[in-house]
Amino acid sequence: MSVIVVLIGFSLFVAVGFLIAFLWSVKSGQYSDTYTPSVRVLFEDEKSKKEKEIVKETKIKEENKLDN
């Protein structure tokens with residue numbers, strides 16, 4: 001029976017922790033922008049030229065390894 005009391009106390013402690021985290025996130029503005037996340041999905045990220053060059057170099061190296 002005492003285990004139930006400990007579990008109830010622990011669950012209340014966790015619930016209060018999540019409530020504090022939620023209130024902190026609302027107060028800091030985490031939910032203030034509701035438009036941008038829905039639009040961000042529609043646009044692709046552009047890779048920089050360096051990333052493209054690195055990808056090309058790795059493909060060439062892999063092809064050379066397969067040939068040998």
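Predicted model: local features only at pLDDT ≥ 70, side-chain atom pairs only at ≥ 80, totals over all residues.
Residues are numbered from 1 along each chain as its sequence is written, and side-chain values use heavy atoms, with hydrogens and water left out.

The protein chain has 3 helices and 0 strands, where helices are DSSP runs (H or I) of at least four residues and strands (E) are runs of at least two, numbered from the N terminus. Its radius of gyration, taken over C-alpha atoms, is 25 Å, whereas a compact globule of 68 residues would have one near 11 Å, by the rule of 2.2 Å times the number of residues to the power 0.38. The C-alpha trace spans about 70 × 35 × 15 Å along its principal axes, and 3% of the 68 residues count as buried, meaning under 20% relative accessible area with a 1.4 Å probe and protein chains only, with exposed set at over 50% and partly exposed in between.

Phe22 is partly exposed, at 45% relative accessible area, whereas Ser25, at 11%, is buried. A polar atom of the Ser25 side chain lies 2.8 Å from the backbone oxygen of Phe22. Leaving aside residues up to four places away in sequence, Ser25 touches Gln30 and Tyr31, a contact being heavy atoms within 4.5 Å.

Technical notes:
Polar contact = N/O pair within 3.5 Å; in protein donor to acceptor, adjacent residues only side chain to side chain.
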